[in-house]
Structure formats: C-alpha cells, structure tokens
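Please open the model in your viewer and keep the selection panel at hand. The stops below say what to select next and what is there.

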Amino acid sequence: MSDQKKLAIIATKGTLDWAYPPFILGSTAAALGYDVEIFFTFYGLQCLKKNLKLQVTSLGNPGMPMPMPMPVLLQALPGMQAMMTTMMKAKMKSKGVASVEELRELCQEAEVRFIACQMTVDLFDMNPNDFIDGVEFGGAAMFFEFAGEADITLYI
Amino acid sequence: MANFDQELDASGLNCPLPILRAKKAITSLSAGQVLRIVATDPGSVKDFEAFCKQTGNELLESGEEGGKFVFSIKKS
C-alpha cells in the first residue's frame, strides 16, 4: 500500500512522563492506519527495557504540578524521586491513563517498529537481552530510510 | 436508537485507550456491522469524529446518555 501514511518518531527521553508521547502517538497513528516507526536513542532506550524503571522528577521542571508548594532543596532529598513516581503512577491509574507497558504492548500488537540506536547501546554498554522482544537495532541511516518517506516526523 | 452488533465499554479509560480498544473491536467485525461504544473521556467526542474521518468508517451516532458518551460506528 503505497498510499499508506507514515509516521516517524525519534524518542530521546527516559523518564516516566516523557515515555508517554512516543507510545501514545505511535499506537494511535497505527490505529488510524499509519505505518509507524520509532527510533529510540540515548535515554529513550530506557523505554525499551523489559523491566521498566522509569521515574519522574520535579527537579529542573518548574511546570510539574505539585500537591503542595515545596522548596527545590527539599525536592532533592533522597527518596523524593521515588515518592513522586509512586504518586504520579497512582494518579494516572485513578484517571484511567494506561501504563507505559500497556501502550508499548499495544504499539507492538499494531506492528509499530521499534529501532534501538546501536551506537547508544554500545556507548552505555547496554545488554541487548535487557530489551523487549521485537526490537531492531540500527543507526541514523536506517532511520532516514523510513523518515525520508514519512508524512510526519517528530523528535521527542 | 440504532441497532448494533457489538458493544464496547470504554468507561473510565482515558486517551488514547478508547480509540485503541475501538479499533481492535472494529477489526473483528465484518463490513457493515456496527460497534457501539460507551465512554466517559470527554476528549473521546472529538477523537471518535477524527478517527472515523481518517479510517473511513461511518460515525452513525455521537451523543450523551446518562452522563456518558455513546458512539455508534459502522465498519466500512
């Protein structure tokens, strides 16, 4: 099908909040009939781990809504990041927002292609066995092979 | 009230889950059959409109019933 629309995404971030946009947009585009490819590079590779340990932090992020005002130095205390992650996950669950794992599975069911940046894998000595099944490994040229034909390309 | 062949309860689910579940349900239908969806996400009103426009399936009904949003989609 040559008239099928294509969406290419570069996912560069490895926090819980920023793991959402690539998987939400990828799965939705696939549901709309798009051919989708997501290229995960640098910290974005955390989103492909079998065992996701994604966290959120309010540090350096004054836009994050807080249940109560809190000085930045307090936010930096040990355990605060884990607490905020737990609170964020509970909030998402209560609002019916899917988990990252669920959206990732829905992407895979819809045949969204996941490409892991080989250079980053080597750079950080990551173990390819830590990634979920179905991940392909490639470089910038492989991304452009798809993105060059894409109708939409997003850098997240 | 239109007849339907299958019903999907997407109550309590938030974007993009109602669309993704609906897409899956529509895939299992044959052409001409109707899927009825019940949702609570206010964003789903515009989303189902956009979904149908882009996938070519027909949005037969989009309304509110007992505080929930109800849609009927006919598979093309």
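Begin in chain B by selecting helix α1 (residues 17-27) and helix α2 (residues 44-55), which pack with their axes 10 Å apart at an angle of about 40°. That angle makes α1(B) oblique to α2(B), since angles under 35 degrees count as roughly parallel, over 145 as roughly antiparallel, 65 to 115 as roughly perpendicular and the rest as oblique. Axes here are lines fitted to C-alpha atoms, for helices over the stretch in contact, and the angles run from 0 to 180 degrees between N-to-C directions; helices (H or I, at least four residues) and strands (E, at least two) are DSSP runs numbered from the N terminus.

The model is a predicted one, in which local features need pLDDT of at least 70 and side-chain atom pairs count only at pLDDT 80 or more, while totals for chains, interfaces and linings use all residues. Residues are numbered from 1 along each chain as its sequence is written, chains are lettered from A and ligands numbered from 1 in the order in which they are written, and side-chain values use heavy atoms, with hydrogens and water left out.

Staying with this helix pair, show the side chains of Pro18(B), Ile19(B), Ala22(B), Lys23(B) and Ile26(B) in α1(B), which meet Asp47(B), Phe48(B) and Phe51(B) in α2(B), contact meaning heavy atoms within 4.5 Å. The residues of this contact divide into six nonpolar, no polar and two charged, where Ala, Val, Leu, Ile, Met, Phe, Trp, Tyr, Cys and Pro count as nonpolar, Asp, Glu, Lys and Arg as charged, and the others, Gly among them, as polar. α1(B) passes α2(B) in a right-handed crossing; a crossing is right-handed if the near helix is turned clockwise from the far one by less than a right angle, and left-handed if anticlockwise.

Next, select Cys15(B) and Pro16(B), whose connecting peptide bond is cis, with omega near 0°. Pro16(B) lies in the loop between β1 (6-10) and α1 of chain B.

Now bring chain A into view and look at where the two chains meet: the contact takes 13 residues from chain B and 14 residues from chain A. About 1,100 Å² is buried between them, of which carbon and sulfur atoms give 63%, buried area being the accessible area (1.4 Å probe) that two parts lose on being put together, summed over both.

The crossing is left-handed, and Ser27(A), Thr28(A) and Ala31(A) in α1(A) meet Ile19(B), Leu20(B) and Lys23(B) in α1(B). By class, these residues are three nonpolar, two polar and one charged.

Which residue of chain B forms a salt bridge with Glu102(A)? The partner is Arg21(B), with the closest N and O atoms 2.8 Å apart; a salt bridge is a side-chain nitrogen of Lys or Arg within 4 Å of a carboxyl oxygen of Asp or Glu. There are two salt bridges between chain B and chain A.

Moving into chain A, select helix α1 (residues 16-31) and helix α4 (residues 100-109), whose axes come within 9 Å and cross at roughly 25°, which makes α1(A) roughly parallel to α4(A). Their crossing is left-handed, and the residues that meet include Phe23(A) and Ile24(A) in α1(A) and Leu103(A) and Cys107(A) in α4(A). The contact as a whole has eight nonpolar, two polar and one charged residues.

Then select Glu37(A) and Arg113(A), which form a salt bridge with their closest N and O atoms 3.1 Å apart. Glu37(A) lies in strand β2 (residues 35-40) of chain A and Arg113(A) in strand β3 (residues 113-117) of chain A, so the pair ties together parts that are 76 residues apart in sequence.

Phe42(A) is placed in the loop between β2 and α2 (72-75) of chain A.
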